[in-house]
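Subject: Structure for you to look at

Dear colleague,

Here is the structure I said I would pass on. My notes on it follow below.

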Amino acid sequence: MSVQSEPEVNTVGNEIQNEEREYSLPPSNIEEGNPSGHIEASADDWNEITAQFFDCVKDLKLGELVHDSTFGLLEAMSAIEMMDPKMDAGMSCNREATPLTFDTAVETGQIKLNNLLPREAIGIIDAVYSCTVSWLEGHSMAQTVLTCLYLHKPNKIECKTMRSFSIAIQKIINLIRNFVVRANVYEEEDFQHSSFDYNLSAEVTETKAMNMLKTAEEELIKKTKDTEDEREKEELQALLARVRFTRLLLHSLLGLYPQKLQQSTLSLKTEMIDIVKSLNGALELAQVIEKTIELGSQPVEGSDAPNPMGFSMMVNQRLLPPTFPRSTKIKDRYLSIQYLTELIQRIKHACKIVNCTSYHGALNFLMEFNKKFTPCLLSRSIPQTLYLPAGRLVFGMKPLIEVLKESVKAFIAPPALRPDNPLYNNPFAVNCINSFFEYNEQTFFSLFAICGYNRARQRDHLGLLLLNFAHLQDGAERVDVYLHSLTPRSENSRHLACFGTWVFYHCLRAMSFYLLAGLELELYSVHEYLYIFWYLYQYLFSWIVSALTRAETFLAEQEYMADPKAVKSNQKKPKSKKRKAKTDVKEILFNEAMETLCGGYYKALVGFYKEDRIPEPLPLFDDEQVRFEHRFAPFANLSTPPPMPYGDFRQMKFIMLQSSATDLYAAAAKHFHEARTLLETFPNPDEEWNDIVKVAKMNYVMMNLLASGHSRQSKLPPEFDFSCHRYFPIIKQRK
């Protein structure tokens with residue numbers, strides 16, 4: 001380490017801070033008069049400061065940092081440690097003097113273009129799938145799939161099996177890339193879509209690639225019949241399974257990718273049946289592949305290459321940015337096949353979105369899909385692409401605006417959307433409704449797209465989308481008031497808060513999901529659980545139940561008014577409960593149970609606070625009001641429901657703390673018992689309902705034990721176990 005001579009610096013801090021300004025390379029003397037580039041003697045004097053530098057470093061204590069004004073902690077954390085192979089991509093280049101390319105490998109005989117042994121072909125195919133899975137998990141294509149030299153120039157491969165597989169895998173990669181880019185629900189950490197200008201056999205169609213695979217299958221079947229060697233026959237059958245698996249996977253992805261507008265939902269459902277058959281066939285073959293991995297050539301121990309032949313890890317090194325920080329580790333073959341098996345199962349389930357004709361149904365499907373499977377990016381992108389394949393056309397047939405109108409009609413049936421109402425054909429009413437949906441279509445489109453992001457990003461995007469709901473609510477209220485003013489006085493039907501209730505319901509669902517996602521992502525400290533469950537219990541879930549009940553009541557009234565016989569005979573208006581049995585009884589019941597369950601957590605937490613069981617941050621470094629307002633900041637701009645101020649929480653907490661801990665635990669036990677009873681009344685519960693019932697049972701028992709004096713002498717903090725359910729923990733108290 002050398003620097004130009006400078007006046008001596010007395011302080012360690014100043015000396016190190018000035019180092020960056022002092023440190024520079026000797027000036028280059030490459031000028032017109034010196035084309036050779038030889039460095040001539042410089043007039044400047046250069047001094048060695050390495051020893052002095054390390055002496056200065058010794059004066060720093062552990063954890064101390066000295067930094068320049070232009071190089072702070074942020075720059076230090078994002079800087080690349082030079083000479084570290086895991087961070088400095090340039091270090092990897094030094095392992096190979098010249099990266100092995102396709103042409104070089106052919107000339108030196110390091111890869112075969114013909115007469116590949118079945119064992120060699122199996123090893124290459126398994127390695128390519130391992131690279132594909134590594135790419136799907138977020139690594140660069142240049143460091144994973146494109147390290148296979150056979151994919152660089154597949155047309156020069158003479159072996160039919162390897163040539164057809166190489167072209168087919170390129171088409172699969174291109175289809176996956178198109179799915180992800182078209183759905184556009186990925187973040188930088190999820191996926192890298194760049195193909196680095198590789199052709200990916202663009203001149204070959206997917207249909208031709210499948211025909212090539214079919215020809216390769218027939219050739220392998222013939223070889224299997226002709227051979228008498230049992231070992232060779234086993235290897236040929238394993239190779240045949242891989243080729244057939246590739247063909248079925250390509251056929252499925254090609255069928256799912258929207259290339260033409262559908263004529264009817266019936267034809268779309270028929271296509272899905274054929275695709276699911278192909279996926280089932282691929283699932284069976286995946287099991288065969290997993291059992292025969294050992295038949296292929298295996299990676300060399302200590303080597304980064306996933307297979308001894310056909311791969312060069314440095315071949316694309318020059319395509320990467322100079323400071324590319326990732327060190328890519330190719331996924332294990334067994335884990336890769338298990339990943340593909342789970343992926344196919346998720347794709348099969350994603351195909352069911354074609355049965356969700358309504359917006360509300362599609363939104364619920366995506367939310368349940370994310371909860372049940374925690375899907376990868378591809379399986380999240382497929383339902384997005386299937387539902388909205390062409391712009392804002394649902395299934396490529398019906399405009400999203402019309403689907404949203406049908407959603408409102410099914411939810412609360414505003415009089416202006418009923419054909420038997422005079423407003424239905426009123427040009428002013430029609431124009432008002434159309435303008436409302438055209439202006440706010442983007443908000444509902446974004447809400448649907450958010451369900452395709454990963455769980456952490458869903459919450460981030462939802463917080464931003466809630467800002468749009470403030471404008472949406474204002475617009476809905478204006479539409480309701482205007483349509484009510486157009487309603488003839490002779491009409492008995494009212495048009496108040498119809499669109500507003502529908503928007504209110506979706507807003508409440510977004511708010512509750514935002515808070516619950518924080519529990520799943522472990523964003524809250526234990527001492528913050530109190531006001532999170534308070535907000536869910538006192539406001540959000542109760543408001544959701546209120547909105548659903550109001551919609552059901554309004555629907556019943558509309559049906560009564562539309563029935564002339566009922567009006568003439570002066571029959572009593574039907575109760576909303578009769579209507580509930582047909583439609584939303586499950587959703588109302590579930591939200592009532594969630595309200596009661598959150599009440600149990602809220603009162604249990606107050607009991608823990610009463611007994612000082614929950615450690616709180618030091619007052620010097622904490623302000624509860626700041627934390628409260630930060631957690632509920634996305635709700636601040638909403639007018640309906642109005643954001644709850646911190647003062648209300650403080651007042652409710654003070655009132656609750658007046659009760660004894662025994663009474664609080666007993667009240668919490670009662671809430672958990674009621675939640676369990678509500679959920680058990682509904683027949684044929686799904687897996688999530690059973691999990692919540694289990695949580696409610698366990699917490700009911702624990703609260704009763706605490707109310708009876710169990711572990712009351714202990715001041716140990718309670719444990720919150722989220723292993724059974726992602727949102728609602730099992731409360732445990734150690735003695």
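Helices here are DSSP runs of H or I with at least four residues, numbered from the N terminus. Please keep in mind that this is a predicted model.

With that numbering, helix H8 covers residues 160–183. Asparagine 184 follows H8 and has a positive phi, near 55°. The 24 residues of H8 should span 34 Å at 1.5 Å a residue, and its end C-alpha atoms lie 35 Å apart, which agrees. H8 is also mostly covered, with 18 of its 24 residues buried.

Helix H24 (residues 646–656) has Tyr646, Phe649, Lys653 and Met656 as its buried residues. Viewed down the axis of H24, these fall within an arc of 90°, so they line one face of the helix. Exposed residues Gln651 and Phe654 sit on the face of H24 turned away from that buried side.

Salt bridges come next; the structure holds 29 of them.

- Glutamate 137 pairs with lysine 331, with the closest N and O atoms 3.1 Å apart. Glutamate 137 is in the loop between helix H7 (118–136) and H8, and lysine 331 is in the loop between helix H11 (265–291) and helix H12 (333–350), so the bridge ties together parts 194 residues apart in sequence. Glutamate 137 is partly exposed at 38% relative accessible area, and lysine 331 is partly exposed at 23%.
- Glutamate 520 pairs with arginine 726, the closest N and O atoms being 3.2 Å apart. Because glutamate 520 lies in helix H18 and arginine 726 in the loop between strand S5 (719–721) and strand S6 (730–732), this pair ties together parts 206 residues apart in sequence. Arginine 726 is partly exposed, at 23% relative accessibility.
- Glutamate 624 pairs with arginine 650, at 3.9 Å between the closest N and O atoms. The former is in helix H23 (residues 624–631) and the latter in H24, so the parts tied together are 26 residues apart in sequence. Glutamate 624 is buried at 12% relative accessibility, while arginine 650 is partly exposed at 46%.

Two loop residues remain. Histidine 527 is in the loop between helix H18 (498–520) and helix H19 (529–562), and at 12% relative accessibility it counts as buried. Beyond its neighbours within four places in sequence, histidine 527 contacts Tyr609, Ile614, Pro615, Pro617 and Arg627. Leucine 65, in the loop between helix H3 (50–58) and helix H4 (73–78), is exposed at 64% relative accessibility. Together with Leu73 and Met77, Leu65 forms a nonpolar surface patch with about 380 Å² of accessible area.

Regards

Technical notes: Residues are numbered from 1 along each chain as its sequence is written. This is a predicted model: local features need pLDDT of at least 70, side-chain atom pairs count only at pLDDT 80 or more; totals for chains, interfaces and linings use all residues. Side-chain values use heavy atoms; hydrogens and water are left out. Patches are made of residues with over 30% relative accessible area and no salt bridge: like charges are joined within 9 Å, nonpolar side chains (Val, Leu, Ile, Met, Phe, Trp, Tyr) within 5 Å. Accessible areas come from the Shrake-Rupley method with a 1.4 Å probe; for residues, only the protein chains shown count as cover. A salt bridge is a side-chain nitrogen of Lys or Arg within 4 Å of a carboxyl oxygen of Asp or Glu. Buried means under 20% relative accessible area, exposed over 50%, partly exposed in between (1.4 Å probe, protein chains only). The expected span of a helix is 1.5 Å times one less than its number of residues. Contact means heavy atoms within 4.5 Å. The arc is that of the directions from the helix axis to the C-beta atoms.
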